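Good morning, everyone. Have a look at the chain on the screen.

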Amino acid sequence: MPQEPARHHRLLPVRPLTFSPFARSVARVATAYLVKHYMHNAVQQSAGDEFKEKLKIIGRRSESSEDEEFDGVVQADFAFFDPKPDDFHGVKTLLQSYLDNKQWDLSGFVDLILGQTTVGTVVKLEDDEDNGVFSIITALNLGRYKDHKCITELKEFLLNICHEKDKIGNLRSLLGVEAQKVGLLVSQCVVNLPPELLPPLYDALFDEISWATEDEPTEELRNSFRFQFYVVVSKFYKHKNANQKRSSSTDKDEAFVYIKPEDEILHKLSMWSFLFPLQTQQVATHELKNYQLTGIVMAVKAEDISSFRQQLHALINGS
């Protein structure tokens with residue numbers, strides 16, 4: 001396990017993000033940061049696209065937090081980079097629980113991500129000597145990489161955790177005969193990544209996918225980025241009485257609390273989705289004592305990505 005970059009502690013911890021009324025109240029109690037200033041500038045270079053984010057983060061200790069000692073201003077300069085081999089340990093750490101507690105070829109999975117330099121982005125602090133990775137986002141063609149051990153094991157994992165008879169056929173199809181049309185959308189970040197980074201991060205990914213369909217050197221590679229579907233593996237908090245709560249209008253608690261705000265949009269846009277229990281659980285805060293960390297698999301049509309991008313911008317900019 002690589003050591004945590006020395007400057008990571010300067011970014012203040014935040015709780016799971018969501019924008020429902022309940023989660024807003026959770027965030028007001030639990031969050032310990034406020035983005036005061038936000039600006040971005042895209043710089044295109046011959047070696048690739050580098051995107052820099054400059055954020056001034058205001059430290060603000062919440063009334064419910066007794067262990068937060070920092071109270072001040074931190075200047076954090078984030079930059080978007082193409083993946084490279086030096087990012088291996090940082091990306092592997094972010095994806096450590098991607099498939100819950102399954103023992104699988106995670107190292108091979110990370111190698112695939114880092115080897116696909118034309119599509120994919122890592123977020124790091126600019127001029128950070130520790131080279132710490134704060135976020136990774138990419139899309140891997142399940143057909144193109146079908147013979148790799150990590151993809152075979154990932155497919156087996158997904159098929160084993162799907163116990164919904166009306167979904168298993170659709171899942172089997174996307175992982176099998178239609179795999180060449182399917183992108184595995186991988187997005188993982190540290191829990192305190194400022195949400196303002198999300199819209200440009202996803203914009204960069206889907207722009208790169210579009211460019212790859214024209215700029216890759218062979219027709220086979222160009223076709224491998226012409227996705228018709230995306231599969232997303234993620235997790236969120238599910239209320240222990242979620243099934244009963246769907247029919248109740250008196251309880252103010254939400255059925256789901258999304259750790260990543262984009263998952264709420266993807267969930268609503270998905271063709272289908274299914275939940276699965278997680279063996280790895282995290283210690284819940286008081287606000288989440290009635291919630292269980294739960295896995296979710298979603299299938300989204302590529303034609304709905306434009307709507308996703310618009311909704312993500314509206315969600316973050318309006319929050």
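Let's start with a term. A crossing of two helices is left-handed if the near helix is turned anticlockwise from the far one by less than a right angle, and right-handed if clockwise. Helices here are DSSP runs of H or I with at least four residues, strands are runs of E with at least two, and both are numbered from the N terminus.

Now, the ground rules. This is a predicted model: local features need pLDDT of at least 70, side-chain atom pairs count only at pLDDT 80 or more, and totals for chains, interfaces and linings use all residues. Residues are numbered from 1 along each chain as its sequence is written, and side-chain values use heavy atoms, with hydrogens and water left out.

First, the overall picture. The protein chain has ten helices and ten strands. Of its 319 residues, 51% are buried. Buried means under 20% relative accessible area; exposed is over 50%, and partly exposed is in between, with a 1.4 Å probe and protein chains only. The accessible surface of the chain is about 15900 Å². Carbon and sulfur atoms hold 46% of that surface. Those areas come from the Shrake-Rupley method with a 1.4 Å probe, and for residues only the protein chains shown count as cover.

Next, contacts. Contact means heavy atoms within 4.5 Å. Take the contacts in the chain with a separation of 6 or more: 71% of them join residues 24 or more positions apart.

Now to α3, residues 106–115. How many of its ten residues are buried? Seven are, so α3 is largely enclosed by the rest of the structure. They are L106, G108, F109, V110, L112, I113 and L114. And what covers them? The cover includes α2, strand β5 (133–141), α4 (149–161) and strand β6 (182–189).

Stay with α3 and α4. Their axes come within 8 Å and cross at roughly 115°. That makes α3 roughly perpendicular to α4. The cut-offs: under 35 degrees is roughly parallel, over 145 roughly antiparallel, 65 to 115 roughly perpendicular, and the rest oblique. The axes are lines fitted to C-alpha atoms, for helices over the stretch in contact, and angles run from 0 to 180 degrees between N-to-C directions. α3 passes α4 in a left-handed crossing. G108, F109 and L112 of α3 meet C150, I151 and L154 of α4. By class, that contact has five nonpolar residues, one polar and no charged. Here Ala, Val, Leu, Ile, Met, Phe, Trp, Tyr, Cys and Pro count as nonpolar, Asp, Glu, Lys and Arg as charged, and the others, Gly among them, as polar.

D100 lies in the loop between α2 (88–94) and α3. Its phi is near 60°, a positive value in a residue other than glycine. Is D100 buried or exposed? D100 is buried, with a relative accessible area of 9%.

On to α10, residues 305–317, which has two helix partners to show you. One is α6, residues 198–215. α6 and α10 pack at about 165°, with their axes 9 Å apart. They are therefore roughly antiparallel to each other. Their crossing is left-handed. From α6, the contact uses L198, P199, Y202, D203, F206 and D207. From α10, it uses I305, F308, R309, L312, H313 and I316. The classes are eight nonpolar, one polar and three charged.

Another partner is α9, residues 261–269. The axes of α9 and α10 come within 10 Å and cross at roughly 140°. That makes α9 oblique to α10. This crossing is right-handed. P261, E262, I265, L266 and L269 of α9 meet S307, F308, Q311, L312, L315 and I316 of α10. That contact divides into eight nonpolar, two polar and one charged.

L185 is in strand β6. It is buried, with a relative accessible area of 3%. Its C-alpha atom is 6.1 Å from that of T138, 47 residues apart along the chain. Leaving aside neighbours within four places in sequence, the contacts of L185 include T138, Y202 and F206.

K167 sits in helix α5, residues 165–175. At 14% relative accessibility, K167 counts as buried. Beyond its neighbours within four places in sequence, K167 is in contact with C162, W272 and S273.
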